[in-house]
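Reader: Hi! Could you walk me through this structure before I set anything up?

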Amino acid sequence: MARKPAEIVNGYKVPGGRGGAAVAKACQLIIQNPGIKQGDVLDTVAYWAKLNHSTANWITSPGSKSPAELLWSRQKVGRAFGCFPNEHTHLLGDPRLRLRAEVIREFDGDWKIAGSPNPGDLVSYFRPRWDEHSKQEVELALLVSFVKTTHRGSVYKEEQVFSRGHLDDLDNYAEGSFWLTPQIKIDGALHAVPMARIRKEAA
């Protein structure tokens, strides 16, 4: 497979993955809020794209890998720097497209290995083993839903989702990154379990 050509805007090489989504989100924020403080941009996009906040300051601090002063302009506003759009700020488009691609890529890898199960399907659940020598216990379970988890700093929000198709809807990325965890019913109780521990049963 041929490598995707680098995306270069005004001399800036836009990163792939969550980093590229965060840069596009920063551009959107600056267009919507001209003069927004540099620190506010960083806080918002790091949580939105689910980046490590402590190592994401390359987004707003000028440097060889930073879009600052290339995809937008910076001016001193009081004691802080404000960010303002320039002629290149709008060129990265809707940041939700980049974030959606990354969330789907991460989810679908394990989901397809598990047989692409959706709520309502019967699945085999592989219980955790005490050690590598213990017998693997497998039980039949019902996949009831996916638990959608979104986080903003130390605040976590959970809700139930009833289709893998939830990942495809752009509107679901307005608040930022999230992940889906299978919720199975076994022994009359609901349990959120890793995707790697279930396999869809043949119809």
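This is a predicted model: local features need pLDDT of at least 70, side-chain atom pairs count only at pLDDT 80 or more; totals for chains, interfaces and linings use all residues.

Reader: Thanks! How many helices and strands does the protein chain have?

Author: There are 3 helices and 11 strands. Helices (H or I, at least four residues) and strands (E, at least two) are DSSP runs, numbered from the N terminus. In sequence order the pattern reads β-β-α-β-α-β-β-α-β-β-β-β-β-β.

Reader: And is the chain compact or spread out?

Author: The protein chain is more spread out than a compact globule, because its radius of gyration is 21 Å, well over the 17 Å that the globule rule gives for 203 residues. That radius is taken over C-alpha atoms, and the rule is 2.2 Å times the number of residues to the power 0.38. Along its principal axes, the C-alpha trace spans about 60 × 40 × 35 Å.

Reader: What share of the 203 residues counts as buried?

Author: The share is 40%. Buried means under 20% relative accessible area, exposed over 50%, and partly exposed in between (1.4 Å probe, protein chains only).

Reader: Let's switch to H3. What should its 19 residues span?

Author: Helix H3 covers residues 95–113 and should span 27 Å at 1.5 Å a residue; its end C-alpha atoms are 28 Å apart, which agrees. The expected span is 1.5 Å times one less than the number of residues.

Reader: Where does H3 bend?

Author: At Phe107, by about 30°. The bend is the angle between axes fitted to the seven residues ending there and the seven starting there. Phe107 is also one of the buried residues of H3, which include Leu99, Val103 and Trp111.

Reader: What covers those buried residues of H3?

Author: The cover includes helix H1 (17–32), helix H2 (38–49) and strands S1 (7–9), S2 (12–14), S7 (138–152) and S9 (178–186).

Reader: Nice. Which residues touch the most other members in the largest nonpolar core?

Author: Of its 46 residues, those are Leu71, Trp72, Leu92, Phe146, Leu167, Ile184 and Ile198. H1 gives the most to this core, with 8 residues. A nonpolar core here is a set of buried Ala, Val, Leu, Ile, Met, Phe, Trp, Tyr and Cys residues joined through side-chain atoms within 4.5 Å.

Reader: What is Leu71 in contact with, beyond its sequence neighbours?

Author: Leaving aside neighbours within four places in sequence, Leu71 is in contact with Val9, Tyr12, Val23, Cys27, Asn86, His88, Thr89 and Leu92. Contact means heavy atoms within 4.5 Å.

Reader: I'd like to check the backbone too. Which phi does Glu69 have?

Author: Glu69 has a positive phi of about 75° although it is not a glycine. Glu69 sits in the loop between H2 and strand S4 (72–77), and is partly exposed, with a relative accessible area of 46%.

Reader: What about Ser116?

Author: Ser116 is not a glycine either, yet has a positive phi of about 55°. Its place is the loop between H3 and S6, and its relative accessible area is 26%, partly exposed. Just after H3, Gly115 takes a positive phi of about 95°.

Methods. Residues are numbered from 1 along each chain as its sequence is written. Side-chain values use heavy atoms; hydrogens and water are left out.
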